[in-house]
Amino acid sequence: SDRDSDTYTPLLCSVWSKDAPGFVSDADEVKKALRRVLQATDNKGMIYFDDRSMAEEFQLQLLDEPDFNFVAMVQVVDVVYRNKVCSIGSLLDSVKTPYGKIVFKLLPEGMTRSEEPLDVDIFIHAGALAIKMPNSGRNLRLIAVKSRTRLFGGDICVPLITTETDLRSRKALMGLVESHLSLQDVLSAHQTLRNSLEPQSFRVMSYNRLQLLMTLLIGVMHYETATKDRTKVNHQHISQRPHRGDVARTYFHPQQQPASNNSRYSS
């Protein structure tokens with residue numbers, strides 16, 4: 001998915017079996033799949049992953065890959081800072097966060113006391129710190145993304161690790177942060193399209209035939225997303241503007257005048 005784009009392009013669908021010849025581990029299969037994508041794209045772009053979409057054991061192995069450029073949300077890992085090995089959590093308070101902006105997050109019904117979807121305004125501010133990985137010695141940056149909202153109170157800090165080291169400007173740093181915020185939206189769009197084609201209904205008699213069917217599936221998905229007005233990443237949970245529609249909000253909508261005590265907008 002390109003930054004600031006509302007579309008994405010499926011490149012690869014990979015399936016594997018623990019009983020297949022040559023199987024080493026799930027993490028090894030993930031790395032092989034990523035290398036196929038990087039080879040097809042001439043090693044351009046960034047790999048985005050987090051602890052919601054990838055297991056911790058996978059994450060730690062990917063962090064040490066010398067040819068992967070990535071932005072990763074990792075909660076538990078040791079890094080080297082000023083020639084000392086320390087945890088990410090112990091460094092977060094040391095990161096100055098000079099760049100900030102307001103974003104809007106749409107919380108689905110049931111996540112809060114609200115009986116309707118709730119659009120929350122969140123102030124996020126971010127900064128970066130130079131670190132290294134203990135095993136590879138690779139130069140990385142620790143990005144601290146701190147957020148504050150009236151709804152929950154207090155600051156929430158999310159650590160990101162990236163191979164991008166030139167983060168001395170607002171555009172460079174906040175561009176990576178905003179791209180990472182859209183990760184779950186891209187995954188959701190992909191899953192919606194994939195599930196509409198019902199891959200779980202495939203019935204085949206051999207492992208090789210299943211792989212061929214998955215190749216056909218990714219070809220169909222590529223066609224669907226490449227055709228005008230087809231699948232788009234247009235239901236963002238996190239947006240730079242208020243979400244449209246009749247939803248509860250934690251702020252006054254622009255140009256919306258407070259009407260009465262029954263108004264669904266609160267400051």
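The legends below describe close-up views of helices and their contacts in a predicted model.

View 1. Helix H5 covers residues 183–196. At 1.5 Å a residue, its 14 residues should span 20 Å, and the end C-alpha atoms are 20 Å apart, which agrees. Leu183, Asp185, Val186, Ala189 and Leu193 are the buried residues of H5. Residues three or four places apart in an α-helix point the same way, because there are 3.6 residues a turn. The cover over the buried residues of H5 includes strand E1 (47–49) and strand E9 (238–239), together with helix H4 (170–181) and helix H6 (207–226). Just after H5, Glu198 adopts a positive phi of about 50°.

**View 2. Packing of H5 against H6.** The two helices pack at an angle of about 120°, and their axes lie 11 Å apart. H5 and H6 are therefore oblique to each other, and their crossing is right-handed. From H5, His190, Leu193 and Arg194 meet Met221, Glu224 and Thr225 of H6. This contact of H5 with H6 comprises 2 nonpolar, 2 polar and 2 charged residues. Leu193 of H5, one of the residues that meet H6, is also among the buried residues of H5.

**View 3. Packing of H1 against H2.** Helix H1 (residues 26–40) packs on helix H2 (residues 56–63) at an angle of about 50°, with 9 Å between their axes. That angle makes H1 oblique to H2. H1 passes H2 in a right-handed crossing. In this contact, Phe58, Gln61 and Leu62 of H2 meet Asp26, Ala27, Val30, Lys31 and Leu34 of H1. By class, the contact of H1 with H2 has 5 nonpolar, 1 polar and 2 charged residues.

Note on methods: Residues are numbered from 1 along each chain as its sequence is written. This is a predicted model: local features need pLDDT of at least 70, side-chain atom pairs count only at pLDDT 80 or more; totals for chains, interfaces and linings use all residues. Side-chain values use heavy atoms; hydrogens and water are left out. Helices (H or I, at least four residues) and strands (E, at least two) are DSSP runs, numbered from the N terminus. The expected span of a helix is 1.5 Å times one less than its number of residues. Buried means under 20% relative accessible area, exposed over 50%, partly exposed in between (1.4 Å probe, protein chains only). Contact means heavy atoms within 4.5 Å. Axes are lines fitted to C-alpha atoms, for helices over the stretch in contact, and angles run from 0 to 180 degrees between N-to-C directions. Angles under 35 degrees count as roughly parallel, over 145 as roughly antiparallel, 65 to 115 as roughly perpendicular and the rest as oblique. A crossing is left-handed if the near helix is turned anticlockwise from the far one by less than a right angle, and right-handed if clockwise. Ala, Val, Leu, Ile, Met, Phe, Trp, Tyr, Cys and Pro count as nonpolar, Asp, Glu, Lys and Arg as charged, and the others, Gly among them, as polar.
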